[in-house]
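Reader: I would like to go through this structure with you, starting with its charged pairs. Could you show it first, please?

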Amino acid sequence: MPKSQGGELIVLCGVRKHYPITRGLVRREVGRIRAVDGVDLTIRKGETLGLVGESGCGKSTLGRVILRLEEPTEGEIYFDGHGMLSLSDREMHLLRRRMQIIFQDPYSSLNPRQAIGRTITEGLVIHGIGTRSERAERLSYLMEVVGLRPEHAGRYPHEFSGGQRQRICIARALALNPDFVICDEPLSALDVSIQAQVLNLLQDLQDRFSLTYLFISHDLSVVRHISDRVAVMYLGNIVELAPKRELFDNPLHPYTRTLLQAVPQPDPTLARRRRRLPDASPDPQRDERSCSFRPRCPQAAPECRNEPPPLVEHAPRHWVRCHRTGRTG
């Protein structure tokens with residue numbers, strides 16, 4: 001796993017999240033969906049770590065496990081040096097003030113029967129922070145910070161556009177003054193014309209409040225713009241991890257190279273030359289004794305069938321999970 005270098009806010013050690021498959025009247029377990037399957041990862045204070053991969057690869061599940069919205073099946077999670085899985089309910093309640101999430105769909109993540117002012121300040125009420133007047137002052141400040149008009153605090157979600165609703169969700173995430181924010185596909189439900197505005201807002205807020213981001217997305221152009229480092233995920237595993245420029249300029253894992261080639265290419269001649277993955281659906285119930293990418297890999301070798309590859313540092317700060325990396329032939 002990537003070595004600890006100090007200054008880490010989040011450290012994951014062998015984190016797994018498996019969902020049992022049951023059948024019959026007695027609900028006998030016949031298999032498992034390995035949504036997250038042995039992730040080792042660090043997120044440093046103040047950085048933005050981009051997490052990319054196909055739909056269904058486990059990106060959002062990993063985010064929810066980090067926040068303990070779902071309990072991991074196995075592994076350890078450390079937040080600012082403290083083991084999260086050993087915390088009591090009260091200790092976890094206090095820690096939640098320091099971590100928040102911005103969901104993909106800004107409409108379904110808001111209560112349609114609750115005015116946005118109450119939505120934004122709900123966390124303050126739950127944690128008993130401030131008087132009513134202090135919360136009202138905090139509300140006005142947050143709405144101004146994210147580009148909303150404080151006098152609209154009494155309005156309801158349906159009265160706002162998609163971009164404005166996502167700004168409401170961002171204000172709600174900032175209400176408790178967190179250190180760490182998971183941005184789970186925060187732009188995918190927005191019009192392209194609005195995406196750049198929200199992306200720039202997230203960067204401005206990171207600088208202003210010294211935030212640490214885990215930015216989950218399938219849009220490589222967005223990840224390239226906002227991230228400091230990028231982790232590529234495939235079927236519950238991190239298959240490549242590197243600084244942004246290094247990963248985009250020198251991708252080493254065949255899956256990463258295929259993802260980068262999938263970015264739309266305006267030149268039809270160049271587009272036809274691209275290598276495409278075989279039409280084999282990723283299997284989350286795969287054989288754990290082999291490489292998860294083997295059925296679709298153009299470089300698969302016999303050892304890929306018999307042993308899952310470890311995550312190895314092939315260049316400074318550039319980690320790859322592949323038996324064939326660095327080999328020829």
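**Salt bridges and a helix pair**

Author: R32 and E29 form a salt bridge, with 2.8 Å between their closest N and O atoms. The term means that a side-chain nitrogen of Lys or Arg lies within 4 Å of a carboxyl oxygen of Asp or Glu. Please note that this is a predicted model, in which local features need pLDDT of at least 70 and side-chain atom pairs count only at pLDDT 80 or more, while totals for chains, interfaces and linings use all residues. Residues are numbered from 1 along each chain as its sequence is written, and side-chain values use heavy atoms, with hydrogens and water left out.

Reader: How many salt bridges are in the whole structure?

Author: A search of the whole structure finds 13. One of the salt bridges joins D179 and R98, at 2.6 Å from N to O. That pair links distant parts of the chain, 81 residues apart: D179 is in the loop between α5 and β7 (180-184), and R98 is in the loop between α2 (89-95) and β6 (99-102). Helices here are DSSP runs (H or I, at least four residues), as are strands (E, at least two), numbered from the N terminus.

Reader: Which residues are joined into one network?

Author: R16, R34, D37 and E74 are joined by salt bridges that share partners.

Reader: Changing topic, at what angle do α3 and α5 pack?

Author: Helix α3 (residues 116-126) and helix α5 (residues 162-174) pack at about 30°, with their axes 7 Å apart. Axes are lines fitted to C-alpha atoms, for helices over the stretch in contact, and angles run from 0 to 180 degrees between N-to-C directions. The angle therefore makes α3 roughly parallel to α5; angles under 35 degrees count as roughly parallel, over 145 as roughly antiparallel, 65 to 115 as roughly perpendicular and the rest as oblique.

Reader: And which residues meet there?

Author: I116, T119 and I120 in α3 meet I168, A171 and R172 in α5, where contact means heavy atoms within 4.5 Å.
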